[in-house]
Amino acid sequence: MNKKELRTHYKQLRKGLSEEEREEKSLQIANQLLKMPIWDRENYHIFLPIAKLFEINTEYILHILHGKDKNIVLPKIDEESGRLKHILLTEQTILRQNHLGITEPSNGFEVQSAQIDVVFVPLLAYDQKGNRVGYGGGFYDRFLADCPVTTLKVGLSFFLPELKIEGVFSTDIPLDYCATPTEFFRF
């Protein structure tokens, strides 16, 4: 399938999961992450879920990061540049929903892409080579292109990989790993 078809298909699959199924699978994904060799780093970038899009609940991963005393960095959309800013999560960070329904920090210390060690990447679909399909805005592709080659890119998905995504561009940044409720994949 091409990216457009995959977007439509996986939005429907996620919508078809009950809230209880999404919560259980989100917890299982967090448990799979604990099995991965990604915990020797310092700065972890993670998205907050968009409830209306039935995304993975990343609260479980946030608890792991806090428990491991990691620096947590959250994305914030910069409307002017069309890029993401990266804000360190602290006790003083105020979170607000933007006009797109995305919860993001409204204040805080900005972290440069070069400082980020691990990125938990939102996605709709991915394939056996680590290529991913997001929502099509390109925010994460631009962000990941700015990260050092040593930055680990970890997808989070309720579902297993597709065999192959048609229409992958040379500017698309592949994942290093993807965690699902039942296993994780290394690409």
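Strand 1, residues 43-45, pairs with strand 6 in the parallel sense, over 2 bridges. Keep in mind throughout that this is a predicted model. Within that pairing, His-45 has Val-119 of strand 6 as its bridge partner. Strand 6 also pairs with strand 9, residues 152-156, again in the parallel sense, over 4 bridges.

Which residues of strand 6 are buried on each side? Val-118 and Phe-120 are buried on one side, and Val-119 and Val-121 are buried on the other. That makes both faces of strand 6, residues 118-121, covered.

The side chains of His-45 and His-86 are joined by a polar contact of 3.1 Å. His-86 sits in strand 3, residues 83-88. Is His-86 buried or exposed? His-86 has a relative accessible area of 3%, and because the cut-off for buried is under 20%, His-86 counts as buried. Its side chain also reaches a backbone atom, the oxygen of Leu-84, at 3.4 Å. If we leave aside neighbours within four places in sequence, the residues in contact with His-86 include Val-73, Leu-74, Phe-109, Glu-110 and Val-111. Ser-113, Ile-116 and Phe-143 are also among the contacts of His-86, as is His-45.

Helix 4 gives the largest share, with 4 residues. By type, the lining of the largest pocket has 15 nonpolar, 6 polar and 10 charged residues.

The second largest pocket has about 160 Å³ of space. Its lining is made of Glu-19, Arg-22, Glu-23, Pro-49, Ile-50, Ala-51, Phe-54, Glu-55 and Asn-57. Sorted by type, that lining gives 4 nonpolar, 1 polar and 4 charged residues.

Phe-54, one of the residues lining the second largest pocket, deserves a separate remark. Phe-54 is not a glycine, yet it has a positive phi of about 60 degrees. It is found in the loop between strand 1 and helix 3, the latter being residues 59-67. Its relative accessible area is 23%, so Phe-54 is partly exposed.

Where else is there a positive phi in a residue that is not a glycine? Asp-69 has one, of about 55 degrees. Asp-69 lies in the loop between helix 3 and strand 2. Asp-69 has a relative accessibility of 70%, so it counts as exposed.

Leu-6 is part of helix 1. With a relative accessible area of 0%, Leu-6 is buried. Not counting residues up to four places away in sequence, Leu-6 touches Met-1, Ala-125, Val-133, Glu-162 and Ile-165. Leu-144 is 138 residues from Leu-6 in sequence, and the two are 21 Å apart in space, C-alpha to C-alpha.

The last one is Asn-98, in the loop between strand 4 (95-97) and strand 5 (103-105). Why does Asn-98 count as buried? Its relative accessibility is 15%, and the cut-off is under 20%, so Asn-98 counts as buried. The side chain of Asn-98 makes a polar contact of 3.4 Å with the side chain of Glu-104. Apart from residues up to four places away in sequence, Asn-98 touches Ile-77 and Glu-104.

That is the tour; I am happy to go back to any residue.

Conventions
Residues numbered from 1 in each chain as written. Predicted model: local features only at pLDDT ≥ 70, side-chain atom pairs only at ≥ 80, totals over all residues. Heavy atoms only, no water. Buried < 20%, exposed > 50% of the residue type's maximum accessible area, 1.4 Å probe, protein only. Polar contact = N/O pair within 3.5 Å; in protein donor to acceptor, adjacent residues only side chain to side chain. Contact = heavy atoms within 4.5 Å. Pairing = 2+ DSSP bridges. Nonpolar A, V, L, I, M, F, W, Y, C, P; charged D, E, K, R; others polar. 1 Å grid on protein atoms, 1.4 Å probe; cavity = no way out; pocket = protein on both sides within 12 Å on 5 of 7 lines; lining within 4 Å. Points joined across faces, edges and corners; volume = space filled by probe spheres on them.
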